[in-house]
Amino acid sequence: MEELLLRAVCAGLLVAVLTGPLGCFVVWQRMAYFGDTLAHSALLGVAISLYMEVSLGYGVLACGIAIALALAWLHQHHALPMDTLLGILAHVALAGGVIVLGFVSHAHVDWLAYLFGDLLAVGWQDVQRMAIVTAVICTILLFCWRKLVVIAVDQEIAGVDGINVQAYRVILLVLMAATIATAIQVVGVLLVTALLIIPATTARNITRSPRQMAFAAIFIGCVATLAGIAASYNVDVSVGPAIVMAAFLMFSASLALRTR
Amino acid sequence: MNEPLLTLTDASVKIARREILQGITMSIADREIVTLIGPNGAGKTTLVRALLGLQVLTSGSLQRRSALRIGYMPQRVRINEHMPLRVIDFLMLDGSNKDQALQALDESSVSELAGAQLNRVSGGELQRVLFSRALLRNPDLLVLDEPVQGVDLAGQADLYKLIAKVRDDHGCGVLMVSHDLNIVMAHTDTVICLNRHVCCQGNPDHVSSDPAFLELFGNRYADTLAVYHHHHDHEHDLHGAVITEPGG
């Protein structure tokens with residue numbers, strides 16, 4: 001029981017570290033729809049992993065990144081609006097996922113865990129994978145931070161400054177896809193956007209600079225995760241929804257504390 | 001004479017098969033203030049973006065002096081409502097240190113805004129903050145897209161004085177896009193009148209008497225200019241058309 005809890009805490013905190021700063025970009029660039037839609041397409045990753053009998057976590061991750069790259073490519077070369085492309089690609093991936101699942105005779109998908117996450121089913125292998133993904137994403141983010149922030153302020157200014165806006169947009173999409181694929185395991189497909197948006201928006205209410213906002217979002221995400229796991233352990237509620245509710249309570253409190 | 005800061009030669013831009021700019025040839029020299037005027041939809045912003053290298057040319061060429069540093073003040077920045085960002089941090093985002101950022105703010109006389117949140121400053125203040133940021137790069141060329149938009153009349157005159165002062169202090173070229181002809185003309189070396197192609201270009205006196213200019217803006221503007229410069233080189237008939245003076 002103890003170890004089960006420890007694994008859940010490790011996985012939850014790793015995800016909070018990821019969703020904090022990436023969530024800031026979701027709020028700054030109004031990408032909430034991106035998070036939502038991309039999460040739905042995770043089913044294709046699940047189905048392909050089952051079909052090819054590879055690790056579920058890596059399958060979902062690879063699939064998410066592939067869809068993000070396809071999105072970026074179509075957006076650049078066919079000048080279609082991002083939300084339209086997302087609506088097409090992500091839902092085709094969802095439909096494809098259901099079809100592929102039909103071909104897997106031994107398929108047993110725990111739908112509740114898929115939709116709302118199952119943190120308590122996380123194994124050490126999952127924690128290890130999340131740690132690797134978190135380390136890689138955070139390193140890339142640290143190197144690109146200033147440029148990504150300039151782009152979030154204004155794309156034209158960034159372009160004149162000599163920043164390759166297109167390239168950094170692709171990087172951000174891929175980081176976002178990898179984060180979503182990782183966070184799905186904790187809160188599930190339906191709640192993943194909440195984990196991106198609520199801590200970041202809460203942080204926005206009480207901070208004065210982009211960096212402060214990112215760190216505050218991480219902190220708030222960690223507190224929500226710990227509170228959610230504690231609640232789940234003591235009163236037997238679902239972990240994912242408990243984390244989201246804990247984050248929402250902090251958001252409500254932050255409205256009263258607004259610095260601006 | 002020095003090589004121009006940048007030169008555009010026979011440049012055309014098509015966006016979604018619509019011809020936005022055709023056969024544009026122009027250049028900007030050291031310390032020259034060039035003002036771009038033209039009606040809405042004339043392609044002013046597209047031309048600026050082409051000069052900045054943000055808009056790919058369909059044909060023609062853009063030559064920049066090597067290692068040209070451009071300071072750019074965009075037409076309007078939709079400052080991100082959801083990002084907490086102080087003015088000073090905004091200026092330091094391009095890698096400048098705090099002293100440089102404060103000095104740039106001081107030069108635009110808005111140093112008291114350093115600690116303010118960027119999304120809380122007024123329109124006129126924001127223009128000056130953006131102007132400071134353009135100065136920070138110690139530019140060879142300042143590009144200002146409608147710099148006085150949202151600024152009250154007194155502020156407009158101040159801003160134009162500031163631009164002229166910066167040109168003198170930094171010795172940089174200036175490219176401006178503008179609507180209000182009469183104030184601008186007084187502070188400009190060269191006017192380029194754009195309507196998808198270059199209708200006419202030259203010094204303000206020359207342009208204000210050009211038939212192409214009159215056709216584009218009507219005589220009302222031409223009169224304002226003419227009055228401003230106290231220099232008439234043509235007359236108008238009762239319908240407002242230009243009467244060229246014989247031998248003028």
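Which elements of chain B make a right-handed β-α-β unit? They are strand β6 (residues 141-145), helix α5 (residues 153-170) and strand β7. Right-handed here has a set sense: with the strands pointing away from the viewer, the path from the first strand over the helix to the second runs clockwise. Helices (H or I, at least four residues) and strands (E, at least two) are DSSP runs, numbered from the N terminus.

Before going on, a word on what you are looking at. This is a predicted model, in which local features need pLDDT of at least 70 and side-chain atom pairs count only at pLDDT 80 or more, while totals for chains, interfaces and linings use all residues. Residues are numbered from 1 along each chain as its sequence is written, and chains are lettered from A and ligands numbered from 1 in the order in which they are written. The model scores ipTM 0.80 and pTM 0.82.

Let us stay with β7(B), residues 173-177. On one side of this strand sit B:Gly173, B:Leu175 and B:Val177, on the other B:Val174 and B:Met176, and all are buried. A residue counts as buried if 20 or more other C-beta atoms, placed from the backbone, lie within 10 Å of its own; it is exposed if 12 or fewer do, and partly exposed in between. In a regular strand the side chains alternate between the two faces of the sheet. B:Met176 is buried because 23 other C-beta atoms lie within 10 Å. In sequence, B:Met176 and B:Glu146 are 30 residues apart, yet in space their C-alpha atoms are 6.7 Å apart.

Strand β7(B) also has partners. Two strands pair if DSSP finds at least two bridges between them. With β3 (residues 33-37) of chain B, β7(B) pairs in the parallel sense over 4 bridges, and B:Val34 has B:Leu175 as its bridge partner.

Contact means that the C-beta atoms of two residues, placed from the backbone, lie within 7 Å.

Now for the core. The largest nonpolar core has 152 residues, and A:Met176, A:Val192 and B:Val143 have the most contacts inside it. Such a core is a set of buried Ala, Val, Leu, Ile, Met, Phe, Trp, Tyr and Cys residues joined through C-beta atoms within 7 Å. Leaving aside neighbours within four places in sequence, A:Met176 is in contact with A:Leu22, A:Met31, A:Phe34 and A:Ala68. Among these, A:Phe34 is a buried residue of helix α2 (residues 32-40) of chain A.

Finally, confidence: pLDDT is the predictor's confidence in each residue, from 0 to 100. Chain B has a mean pLDDT of 81, and 85% of its residues reach 70 or more.
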